[in-house]
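Please keep the sequence and the model in view while reading.

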Amino acid sequence: DWTMAGYREQAIAQIRAQVGDKQVICGLSGGVDSSVAAILIHEAIGDQLTCVFVDHGLLRKDEAAQVVAMFRDNYNIKLIAADESDLFLGELEGISDPEVKRKTIGRLFIDVFQKYANQIEGAEFLAQGTLYPDVIESVSFSGGPSVTIKSHHNVGGLPEKMGLKLVEPLRELFKDEVRALGRELGLPQSFIGRHPFPGPGLAIRCPGEITREKLEILRNADAVYIDQIRKHGLYDDIWQAFAAILPMRTVGVMGDGRTYDYALALRAVTSVDGMTADYYPYTHEFLGETATRIINEVKGVNRVFYDCTSKPPGTIELE
Ligand code: XMP
């Protein structure tokens, strides 16, 4: 008879057996997976755990502050919060190829993480919130030949380079199970219910070159979009929703003036595990109202598209 309470007890015992009295480092992304992993490990080994949260400058509006506040206010977990946005955005300048973006972010993430990890005396383990779909999707796609569709930067590389052993207490779980475990661990519902957010962050929602100007527009637009979804009570029916800023400007009219601003794509999908997905069937009223709100409230956007592509053939993210 399998229950989450049982899984929690078993996972805690396993972590203690694996780690002994050694130190563990955990990278916090702000997402549900790494948060649940950190809290579970903290329950198992307390102060032997240190979390590192790197702000790569590609987070959503106010996200870094919210994550830090959530951990500082609710948990007594040792936390290093590092703002490395200048480094990441500087290195990403001029890069538009999706895989080069991912690899650049992955490489910097390893460097930065290593820098902070070196400050933690005697660390022997690295904890990651890797889920079952992360494990299999990085190897094969839909049971087909072994091709990597997208390189997921949170899988592989880091532990070997740092000479650390892995602790991955969520490796056998699907997303809905991680949420159930988070509930079991008392994580606030506002956190548990949050849509997944990719490691490379807004970089892969900004096709083409990434600039601070585009990121600012994207953050503001995404915040209005998510606010609309919440106001209409749709947030929990959707697996993942976000705005992406398209690499083009289009002409519009506003008052008696001509505008020449960015076009935005809105994405929303339903899914069970992120491996396949259907686009979300919003009403025309919702779409029209949302487009109007975004264009009125966000400087720099004058056109809004809705992405009606399911996965496959599309992927959830635009890159
Ligand atoms: P795709 O776009 O591949 O996304 O259909 C499937 C799920 O994975 C997330 N995703 C990522 N997560 N690092 C991550 O941690 C990545 O590089 C990455 N790429 C996609 C995406 O947000 C969706 O939930």
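## The loop at Asn-118

Asn-118 is placed in the loop between helix H5 (98-117) and strand S4; helices (H or I, at least four residues) and strands (E, at least two) are DSSP runs, numbered from the N terminus. Asn-118 counts as exposed because it has 11 C-beta neighbours inside 10 Å. The class rests on C-beta atoms placed from the backbone: a residue is buried if 20 or more other C-beta atoms lie within 10 Å of its own, exposed if 12 or fewer, and partly exposed in between. Asp-21 lies 97 residues from Asn-118 along the chain, and 18 Å separates the C-alpha atoms of the two.

This is a predicted model, in which local features need pLDDT of at least 70 and side-chain atom pairs count only at pLDDT 80 or more, while totals for chains, interfaces and linings use all residues. Residues are numbered from 1 along each chain as its sequence is written.

## The chain as a whole

The protein chain has 11 helices and nine strands. Its C-alpha atoms fill a box of roughly 70 × 45 × 45 Å, taken along the principal axes. A compact globule of 319 residues would have a radius of gyration near 20 Å, and the chain, at 20 Å, agrees with this. The radius is taken over C-alpha atoms, and the globule rule is 2.2 Å times the number of residues to the power 0.38.

Of the 319 residues, 34% count as buried. Two residues are in contact if their C-beta atoms, placed from the backbone, lie within 7 Å. Among contacts between residues at least 6 apart in sequence, 75% join residues at least 24 apart.

## Two domains

The chain is divided into domain 1 (4-192) and domain 2 (211-306), with bounds that come from an automatic or database domain assignment. The contact between them takes seven residues from domain 1 and eight residues from domain 2. The C-alpha centres of the two domains lie 28 Å apart.

## Helix H1

Helix H1 (residues 4-19) has 16 residues and reaches 22 Å from its first C-alpha to its last, close to the expected 22 Å. The expected span of a helix is 1.5 Å times one less than its number of residues. Ala-11, Ile-15 and Val-19 of H1 are buried. Seen down the axis of H1, the buried residues fall within an arc of 45°, so they line one face of the helix; the arc is that of the directions from the helix axis to the C-beta atoms.

The cover over these buried residues includes strand S1 (23-28), helix H2 (32-45), strand S4 (123-127) and strand S5 (165-167). The exposed residues on the other side of H1 are Ala-5, Gly-6, Glu-9, Gln-10, Ala-13 and Ala-17. Just after H1, Gly-20 takes a positive phi of about 60°.

## The annotated binding site

An unreviewed UniProt entry carries the annotation "binding site" for Ser-29, Gly-30, Gly-31, Val-32, Asp-33, Ser-34 and Ser-35. UniProt positions are given in the numbering used here, feature names are shortened, and annotations may be inferred rather than shown by experiment.

Gly-30 is found in the loop between S1 and H2 and counts as buried, with 22 C-beta neighbours inside 10 Å. Not counting residues up to four places away in sequence, Gly-30 touches Phe-53, Leu-59, Glu-63 and Val-67. Asp-33 is found in helix H2 and is buried, with 23 other C-beta atoms within 10 Å. Under the exclusion of residues up to four places away in sequence, Asp-33 touches Gly-129, Leu-131, Leu-170 and Val-178.
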